[in-house]
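Notebook open, structure loaded. I want to jot down what I looked up, one entry per topic.

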Amino acid sequence: MEKLDEGLKALLEQGKEKGYLTFTQVNDYLPDDAVNPEKLDQLILMLEEQGIELIDEDDVADREGSPVAASAEADAGADLDLSFIDEDDGRRIDDPVRMYLTQMGNIPLLTRNEEIALAKKIEVTRKRFRRKVLECDGALRQVVETLKRVHSGELPFDRTVKVSLTENLEKDKILQRMPHNLRT
């Protein structure tokens with residue numbers, strides 16, 4: 001356990017100096033048989049609390065060019081609680097998905113107003129797309145042919161035609177209008 005603590009302290013010091021660690025550095029530190037998911041979560045939380053960011057190998061070149069300010073917590077390494085690391089647990093965790101999900105938890109979600117604005121934009125874009133597609137003669141002919149097959153019963157209505165809830169149209173009303181609309 002003493003060896004693990006010294007390795008973790010060295011890793012943390014390296015991370016504090018640079019302001020980041022790579023996923024490979026953290027994976028190399030982790031012993032082959034000494035880390036379970038809970039302990040890995042605690043290690044990741046500790047890195048976050050120390051202000052150490054986990055980055056991809058590809059991003060190292062970008063980081064090396066910009067100077068990183070020294071951390072005010074440089075002395076905190078001696079006071080860290082390392083009790084979550086235990087050699088007695090016999091499982092190896094090599095889980096980039098867990099690290100990805102931890103990083104995704106830091107990304108803010110949309111607010112209600114942003115969601116509403118995006119939904120409106122999607123609906124307007126969908127209507128514009130439909131109009132543009134129906135301006136194409138080939139697409140319009142295919143739509144008319146499909147609607148004829150629905151009207152004659154060759155194709156099921158529910159699986160072929162999407163009824164807009166906002167226009168308050170029901171299946172019966174659409175079927176009644178279909179013969180007249182198909183002629184025009």
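Predicted model: local features only at pLDDT ≥ 70, side-chain atom pairs only at ≥ 80, totals over all residues.

**Entry: phenylalanine 157.** I started by listing what phenylalanine 157 touches, counting a contact as heavy atoms within 4.5 Å. Setting aside residues up to four places away in sequence, I got Val150, Val163, Lys171, Ile174, Leu175 and Met178. Phenylalanine 157 sits in helix 8, residues 157–160. Is phenylalanine 157 buried or exposed? Phenylalanine 157 is buried, at a relative accessible area of 8%. My cut-offs, with a 1.4 Å probe and protein chains only: buried is under 20% relative accessible area, exposed is over 50%, and partly exposed is in between. I also checked leucine 147, ten residues from phenylalanine 157 along the chain: their C-alpha atoms are 9.0 Å apart.

**Entry: ground rules.** Residues are numbered from 1 along each chain as its sequence is written, and side-chain values use heavy atoms, with hydrogens and water left out.

**Entry: overall layout.** I counted nine helices and two strands in the protein. Along the sequence the pattern reads α-β-α-α-β-α-α-α-α-α-α. Of the 184 residues, 23% are buried. Taking contacts with a separation of 6 or more, I find that 74% come from residues 24 or more positions apart. The accessible surface is about 13500 Å², and carbon and sulfur atoms hold 52% of that. Areas come from the Shrake-Rupley method with a 1.4 Å probe, and for residues only the protein chains shown count as cover.

**Entry: threonine 22.** Next I went to strand 1, residues 20–22, where threonine 22 lies. Threonine 22 is buried at 4% relative accessibility. What is threonine 22 in contact with, leaving aside neighbours within four places in sequence? I found Leu54, Ile55, Asp56, Glu57 and Val60. Glutamate 57 is 35 residues from threonine 22 in sequence, yet their C-alpha atoms are 6.0 Å apart in space.

**Entry: salt bridges.** I used the rule of a side-chain nitrogen of Lys or Arg within 4 Å of a carboxyl oxygen of Asp or Glu. How many salt bridges does this rule give? The count is four, and I wrote up some of them.

- Glutamate 123 pairs with arginine 126, closest N and O atoms 3.3 Å apart. The two are three residues apart in helix 6 (residues 112–135), so about one helical turn separates them. Glutamate 123 is partly exposed at 33%, and arginine 126 is partly exposed at 35%.
- Arginine 141 meets aspartate 137 at 2.7 Å, N to O. Both are in helix 7 (residues 137–152), four residues apart, about one turn of the helix. Arginine 141 is exposed at 58%, whereas aspartate 137 is partly exposed at 44%.
- Glutamate 154 meets arginine 149 at 3.4 Å, N to O. Glutamate 154 is exposed at 56%, and arginine 149 is partly exposed at 34%.

**Entry: charged patches.** Patches are made of residues with over 30% relative accessible area and no salt bridge, joining like charges within 9 Å and nonpolar side chains (Val, Leu, Ile, Met, Phe, Trp, Tyr) within 5 Å. Lys and Arg count as positive, Asp and Glu as negative, while His and the chain ends are not counted. I place each charge at NZ of Lys, CZ of Arg, CG of Asp or CD of Glu.

Which residues form the negative surface patch? My list is Asp28, Asp56, Glu57, Asp58, Asp59 and Asp62. Aspartate 59 is in the loop between strand 2 (53–55) and helix 4 (60–65), and aspartate 59 is partly exposed at a relative accessible area of 34%.

For the positive surface patch I noted Lys127, Arg128, Arg130, Arg131 and Lys162. I looked up arginine 131, which is in helix 6. Arginine 131 is exposed, with a relative accessible area of 55%.
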